[in-house]
Amino acid sequence: KPSPAAAPERLPFSRITPEDLAFFREILPGRTITDPDLLESSNVDWLKTVRGSSEVLLRPQTTEEVSRILKYCNSRNLAVNPQGGNTGLVGGSVPVYDEIILSTALMNNILTFHSISGILTCQSGCVLENLSLYLEERDFIMPLDLGAKGSCHIGGNVATNAGGLRLLRYGSLHGTVLGLEVVLADGQVLDCLATLRKDNTGYDLKQLFIGSEGTLGVITAVSILCPRKPRSVNVVFLGCETFEQLLKTFQLCRGMLGEILSAYEFLDSECMRLLNTHLKLPNPISDCPFYVVIETSGSDATHDGEKLHNFLDEAMTSSLVMDGTVATEDSKIKALWSMRERVTESLTHDGFTYKYDISLPLEQLYQLVTDMREHLGDRAKSVVGYGHVGDGNLHLNITSPAKDPALLAAIEPFVYEWTAKCQGSISAEHGLGLKKRNYIYYSKPSQAVALMSNIKAMLDPKGILNPYKTLPDNLK
Ligand code: FAD
Ligand code: MLT
Ligand code: ZN
């Protein structure tokens with residue numbers, strides 16, 4: 001019996017012909033890539049767990065070019081895989097078979113920035129970190145930040161509705177994205193690139209494309225609301241004895257830090273072991289079962305420092321935390337953040353990684369890790385938990401020396417059934433892509449999935465955009 005995560009049969013899309021290549025070369029001279037060596041990195045995902053066999057990589061620079069490509073592909077029934085920085089973690093960013101890869105890498109211009117409103121408009125292929133650097137020079141920041149910032153594109157972030165490390169403070173992209181320009185499957189350009197905070201003129205169509213994982217249209221430009229750069233930033237790294245104490249510490253810091261709290265992230269001692277072993281990152285405090293990264297961002301260093309001091313005092317005297325260290329200068333702030341941001345990288349050195357990205361009620365967040373450890377016994381190499389406590393988002397990762405179908409069968413559907421019992425979500429922020437699409441019913445009623453499928457059929461009747469992704473193989 002094939003695993004529900006396996007790819008279905010290739011759908012009857014056309015195969016690329018020399019005439020198709022001649023068309024692409026005419027509209028994208030020098031930017032139609034067919035050399036297998038150059039295509040290799042676009043055919044394999046970041047985790048190196050999914051591999052496609054595309055023979056063509058297109059690198060448009062303008063919306064007009066994207067429109068011409070899609071109009072042509074739709075008329076020829078050629079499947080297309082939109083790709084940004086290829087850092088996605090659910091197998092959505094690479095082809096399954098021979099889909100044409102449409103990369104946004106050369107669509108990397110900033111279009112406008114308004115320093116009073118803080119609204120940035122840019123092409124979708126801008127790398128997140130480059131946008132952050134551009135804004136920081138102007139005293140602003142991006143409302144999102146993630147470990148993949150050096151490679152991921154803003155279009156990819158929007159297409160996956162990426163959460164990341166600042167969601168607790170600035171909210172999701174459903175709130176901060178003000179407008180999108182999207183090229184639909186038939187080449188029509190949908191101009192919803194508004195730069196308004198408020199616009200209730202009917203349905204908010206851009207929301208459909210936020211988190212649509214390249215299945216409904218190709219995002220070509222984004223306008224986004226950016227916060228002012230905080231004048232004072234502090235990072236605290238704390239250790240707790242139990243997860244219950246970690247949650248009590250969260251409650252305390254919400255109360256005592258209030259509006260300056262900008263992140264509350266955690267990792268367990270197994271993550272710390274992997275950081276020490278594989279990346280040689282030393283533990284900045286003494287060994288503890290759980291670690292927390294707390295960030296404050298505010299406008300007054302004295303005020304923020306005082307609040308933080310009072311919070312730490314209370315947390316220590318009430319024995320909620322076992323140990324801790326504080327950073328105010330940039331280099332130490334970066335070093336403490338690495339302990340959280342580089343867990344993903346450390347896992348890739350530990351072995352083949354099975355990744356789960358789960359939303360759960362806070363009280364049950366870590367119980368899943370404990371239960372999974374007990375359930376798997378010594379069948380797994382490492383079972384680790386980390387994530388965005390402030391957002392109720394657990395990252396449960398399990399490694400084995402190599403790909404292990406028996407281990408996978410022990411993890412799934414156990415993990416999904418456990419999540420569904422708590423009314424959680426089987427994908428908090430990474431999306432469904434290829435790997436998770438057939439588990440959608442654990443988190444969405446069949447009526448909602450049927451409606452999603454109708455929307456897909458309306459916007460992309462031939463199904464050329466990112467086939468085999470997001471939607472399940474079977475409708476119930
Ligand atoms: P890709 O990986 O290229 O594509 C992702 C999906 O979006 C695919 O389905 C693709 O078809 C589609 N897509 C890409 N561009 C477009 C476009 N212009 N139009 C339409 N569809 C498009 N995610 C989080 O939510 N939070 C995190 O904290 C986080 N941290 C990460 C840390 C690391 C080290 C890594 C490797 C990944 C992390 N991710 C995180 C995963 C996350 O999904 C991506 O990093 C990011 O949002 C994807 O952007 P990308 O440009 O790489 O998109
Ligand atoms: C994170 O929060 O570190 C990312 O979502 C990546 C991951 O889950 O490994
Ligand atoms: Zn995450």
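**Entry 1. Strand E14**

I began with strand E14, residues 352-359, in this predicted model. Six of its eight residues are buried, so I recorded E14 as largely enclosed by the rest of the structure. I then looked up its pairing and found that E14 runs antiparallel to strand E16 (residues 393-400), with eight bridges between them. For Lys355 I noted the bridge partner in E16, which is Asn397. I kept Lys355 in mind for the ligands, as a polar atom of its side chain lies 2.9 Å from an oxygen atom of ligand 2.

**Entry 2. Strand E15 and its partners**

I next turned to strand E15, residues 382-388. Seven of its seven residues are buried, and I noted the strand as mostly covered. E15 pairs with E16 in the antiparallel sense over seven bridges. Ser382 has Thr399 as its bridge partner in E16. The two strands form a hairpin with four residues between them, and Gly392 has a positive phi near 65° there.

I also checked strand E11 (residues 261-268), which pairs with E15, again antiparallel, over two bridges. Here the bridge partner of Phe266 is Gly387 of E15.

**Entry 3. The zinc ion**

Which residues coordinate the zinc ion (ligand 3)? I found His388 through NE2, His395 through NE2 and Glu429 through OE, at 1.9 to 2.1 Å. I wrote down the sequence spacing of these donor residues as H-x6-H-x33-E. Both histidines, His388 and His395, are buried.

**Entry 4. Ligand 2**

I listed the surroundings of ligand 2 and found Leu89, Arg340, Thr344, Lys355, Tyr386, His388, His395, Glu429 and His430.

I then looked up the polar atom pairs. Lys355 places a polar side-chain atom 2.9 Å from an oxygen atom of ligand 2. His388 has a polar side-chain atom 3.0 Å from a ligand oxygen. For Glu429, an N or O atom of the side chain is 3.0 Å from an oxygen atom of ligand 2. Ligand 2 on its own has 260 Å² of accessible area, of which the protein covers 85%.

**Entry 5. Ligand 1**

Ligand 1 has 36 residues around it, and I noted Pro82, Gly84, Gly85, Thr87 and Gly88 as those that come nearest. The shell divides into ten nonpolar, 24 polar and two charged residues.

Which atoms of Gly163, Glu213 and Asn466 approach ligand 1? For Gly163 it is a backbone N or O atom, 2.9 Å from an oxygen atom of the ligand. Glu213 likewise presents a backbone N or O atom, at 3.1 Å from a ligand oxygen. With Asn466 it is a polar side-chain atom, 3.0 Å from an oxygen atom of ligand 1. I computed the cover next: ligand 1 exposes 960 Å² when taken alone, and the protein buries 96% of that.

I then asked which elements give two or more residues to this shell, and found strand E3 (80-83), helix H5 (154-160) and strand E9 (218-225). H5 gives the most, with five residues.

**Entry 6. Backbone angles**

Most residues other than glycine have a negative phi, and most peptide bonds are trans.

Asn77 has a positive phi of about 60° and is not a glycine. I placed Asn77 in the loop between helix H3 (63-76) and E3. Its relative accessibility is 22%, so Asn77 counts as partly exposed.

Tyr468, also not a glycine, has a positive phi near 70°. Tyr468 lies in the segment after helix H17 (446-459). Is Tyr468 buried or exposed? I noted Tyr468 as buried, with a relative accessible area of 7%.

The peptide bond from Glu412 to Pro413 is cis, and its omega is near 10°. I located Pro413 in the loop between helix H15 (405-411) and helix H16 (414-421).

**Entry 7. Glu295**

Last, I looked up Glu295, which lies in strand E12 (residues 290-298). Its relative accessibility is 12%, and Glu295 therefore counts as buried, the cut-off being under 20%. Asn310 stands 15 residues from Glu295 in sequence, and their C-alpha atoms are 15 Å apart in space.

How values were computed. Residues numbered from 1 in each chain as written. Chains lettered and ligands numbered in written order. Predicted model: local features only at pLDDT ≥ 70, side-chain atom pairs only at ≥ 80, totals over all residues. Heavy atoms only, no water. Near = heavy atom within 4 Å. Polar contact = N/O pair within 3.5 Å; in protein donor to acceptor, adjacent residues only side chain to side chain. Areas by Shrake-Rupley, 256 points an atom, 1.4 Å probe, with all protein chains shown as cover. Nonpolar A, V, L, I, M, F, W, Y, C, P; charged D, E, K, R; others polar. Donors = N, O, S within 2.8 Å, 3.2 Å for Na, K, Ca; no water. Buried < 20%, exposed > 50% of the residue type's maximum accessible area, 1.4 Å probe, protein only. Pairing = 2+ DSSP bridges.
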